[in-house]
Amino acid sequence: MLAIMHSNLVPVQGLPSPVIKVTALTKTFGDVRAVDAIDFTIQAGTTVALLGGNGAGKSTTISMLLGLLLPSSGSVNVLGHDMIRHRHRALPRMNFSSPYVDLPHRLTVRENLSVYAHLYGLRDVAGRIEAVTTEMDIGDLMHRHTGKLSAGQKTRVALAKALLNEPDLLLLDEPTASLDPDTGDWVRSALANFRRRTGATILLASHNMAEVERLCDFVMIMRAGRIHDQGSPAELVGRYGRATLEEVFLDIARARSSPSKS
Amino acid sequence: MQYASVNHDFSGRRVLAIVLRHLYLLRGSWIRIAEMAYWPTINVIMWGYLSVFLRTNSTWVARAAGVLLGAVLLWDVLFRANLGMSLSFLEEMWSRNLANLFVTPLRPIELMAGLTVMSLIRTIIGVLPAMLLAIVLYQFNIFELGLPLIAFFINLLVTGWAVGLGVSALVLRFGMGAESLAWVLIFALAPISGIYYPIAVMPEWLQVVAWLLPPAHVFEGMRAVMFDHVFPLGHFAAAVGLNLLYFSAAAVLFHRVFYIARQRGLLMNLGE
């Protein structure tokens with residue numbers, strides 16, 4: 001079983017360690033084995049990337065971590081709670097953002113944030129909305145309908161929603177998908193600042209290897225529902241004898257070569 | 001982070017959040033609000049003039065001039081209660097918001113409670129203008145029914161919620177292809193609920209089916225109040241009992257379908 005090491009960040013006090021513990025996690029849809037008996041643990045304060053081609057099992061894994069999807073077998077423990085039976089105990093301290101899951105388009109940004117602040121049971125709704133508005137630089141968008149925003153603006157608003165409860169664990173599905181390089185870079189900086197400030201644990205699925213190298217302490221690469229390889233970005237690059245993580249990813253996705261040493 | 005409520009089995013705050021979400025939606029669109037009142041108003045105008053005509057041509061209607069208007073207004077309570085529940089749920093599907101909702105601590109029962117409150121609000125917005133219009137145009141004041149009106153109103157609301165919750169469960173299970181059920185399923189009850197005519201005019205075997213429906217007892221009760229000036233406790237008790245049964249069954253169905261949705265990954269990829 002993989003135990004991802006602490007980064008040099010200070011983890012949040014009082015967090016269980018590991019923050020995520022997955023054991024023999026399997027999900028089948030009919031004859032398709034989307035996730036195939038994976039095991040991993042993630043320690044508090046780390047930023048971990050889940051990589052893999054389309055259909056590798058990343059989104060299915062994240063859905064099971066969120067409790068949106070029930071595993072066929074195996075266990076998922078998040079923040080010390082069994083996500084199959086007691087997900088409501090962990091969910092107040094987690095959050096999630098994905099460009100593929102929308103916030104209601106016909107509500108203004110402020111209205112959306114207000115609704116989600118109440119859903120997370122926050123005491124100081126106005127104060128938290130103000131804080132994430134500043135953090136994501138969306139002050140000028142607050143009275144606009146969410147559906148009228150550009151892709152970059154929507155991403156910042158979705159991240160503001162995801163930071164409302166200042167989560168101990170943040171799950172991100174392709175946080176910079178379809179963003180221009182400038183906006184993508186801005187989002188990555190904002191995420192790095194959030195992590196530095198809070199010591200939160202972040203698990204992100206991404207196809208952007210530069211993003212992963214910049215943000216992540218550890219990488220798990222999935223293929224056909226299994227964790228094919230793992231390590232820090234530098235370790236993986238060295239192990240495969242490649243110059244970049246993108247080349248490593250392509251090797252694994254195309255089953256082109258084995259690591260030069262394991 | 002300071003939380004007002006964490007790990008409670010049921011949170012009124014989260015119910016309020018769902019209500020807020022839909023009130024914001026209504027506030028942002030006067031067309032939606034107008035649409036809610038549109039059909040009940042049209043119905044009252046049409047059935048009102050029909051009543052005026054029949055008052056001089058039908059001894060049955062002449063005995064209680066408002067019987068048809070009362071029926072159409074109460075039917076709209078049932079229809080709007082169903083639509084208020086199922087349309088609010090469909091809004092979450094159309095906006096692909098379910099995954100966002102259910103990664104918060106929101107529980108299915110809290111979503112149901114929020115949708116129920118919204119259904120009540122939508123129903124009042126929908127039928128109140130029509131009820132007032134009936135007073136102005138036809139001097140028919142449904143509020144003169146007094147306490148029995150409250151009994152009828154609540155029973156029809158609960159029937160509407162049961163149907164709406166059932167429709168929401170089917171849409172969650174079978175996807176947007178089932179969304180038209182929100183409008184059409186309730187009409188299956190109309191012919192056998194005795195809205196405009198007594199249950200006794202139906203064939204006996206159909207009467208057996210009708211008496212299994214709470215609205216049949218409500219509309220029969222309404223006629224008893226209007227024609228005979230008595231509140232039929234037996235019909236009231238039957239409607240309450242049946243409503244408890246159907247609403248509980250709908251809630252169990254929704255919970256069961258939610259579990260299936262978690263098994264099949266339906267919460268992640270829903271929408272248009």
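In what order do the six strands of the open sheet in chain A run? They go E6-E7-E8-E3-E9-E10, with mixed pairing. Keep in mind as you look around that this is a predicted model.

- Chain A has an average pLDDT of 90, and 92% of its residues score at least 70.
- Residues 1-11 of chain A are another story, with a pLDDT below 50. That stretch still has 30 contacts in the model beyond near neighbours in sequence.

**The sheet in chain A**
- Back to the open sheet: its six strands show mixed pairing. E6 and E10 of chain A sit at the edges, and each has a single partner strand, so one side of each has no neighbour in the sheet.
- On average, neighbouring strands are turned by 15 degrees against each other, direction ignored.
- For a parallel pair, look at strand E3 (residues 47-52) and strand E8 (residues 201-205) of chain A, which are joined over four bridges. Here Leu50(A) stands opposite Ala205(A) in E8(A).
- H1(A) packs on the sheet and touches E3, E6, E7, E8 and E9 of chain A. The direction of H1(A) makes about 150 degrees with that of E7(A).
- Helix H8 (residues 233-240) of chain A packs on the sheet too, touching E9 and E10 of chain A. Its direction makes about 100 degrees with that of E10(A).

- Strand E9 (residues 218-223) and strand E10 (residues 226-231) of chain A run antiparallel and are joined by five bridges.

**A mostly covered helix**
- Helix H5 (residues 151-163) of chain A has 13 residues and reaches 18 Å from its first C-alpha to its last, close to the 18 Å expected at 1.5 Å a residue.
- Ten of the 13 residues of H5(A) are buried, which makes the helix mostly covered. Among them are Lys154(A), Arg156(A) and Lys161(A), as well as Val157(A) and Leu159(A).
- What does the covering? The cover over the buried residues of H5(A) includes strand E6 (94-97), H3, helix H4 (125-135), strand E7 (169-173) and helix H6 (181-198) of chain A.

**Where chain A meets chain B**
- In this model, 30 residues of chain A are in contact with 33 residues of chain B.
- Helix H1 (58-66), helix H2 (87-90) and helix H3 (109-119) of chain A are the elements that give two or more residues to the chain A side. H3(A) gives the most, with six residues.
- By type, the chain A side splits into 16 nonpolar, seven polar and seven charged residues.

- Most residues other than glycine have a negative phi. Leu79(A) has a positive phi of about 50 degrees although it is not a glycine.
- You can find Leu79(A) in the loop between strand E4 (73-78) and strand E5 (81-82) of chain A. Is Leu79(A) buried or exposed? Leu79(A) is buried, because 21 other C-beta atoms lie within 10 Å and the cut-off is 20 or more.
- Over in chain B, Arg96(B) has a positive phi near 50 degrees. Arg96(B) lies in the loop between helix H4 (67-94) and helix H5 (98-102) of chain B.
- Arg96(B) has 19 C-beta neighbours inside 10 Å, so it counts as partly exposed.

Definitions and conventions: Residues numbered from 1 in each chain as written. Chains lettered and ligands numbered in written order. Predicted model: local features only at pLDDT ≥ 70, side-chain atom pairs only at ≥ 80, totals over all residues. Contact = placed C-beta atoms within 7 Å. Nonpolar A, V, L, I, M, F, W, Y, C, P; charged D, E, K, R; others polar. Buried ≥ 20, exposed ≤ 12 C-beta atoms within 10 Å, placed from the backbone. Pairing = 2+ DSSP bridges. Expected span 1.5 Å × (residues − 1). pLDDT = per-residue confidence, 0-100. Axes fitted to C-alpha atoms, helices over the stretch in contact; angles between N-to-C directions.
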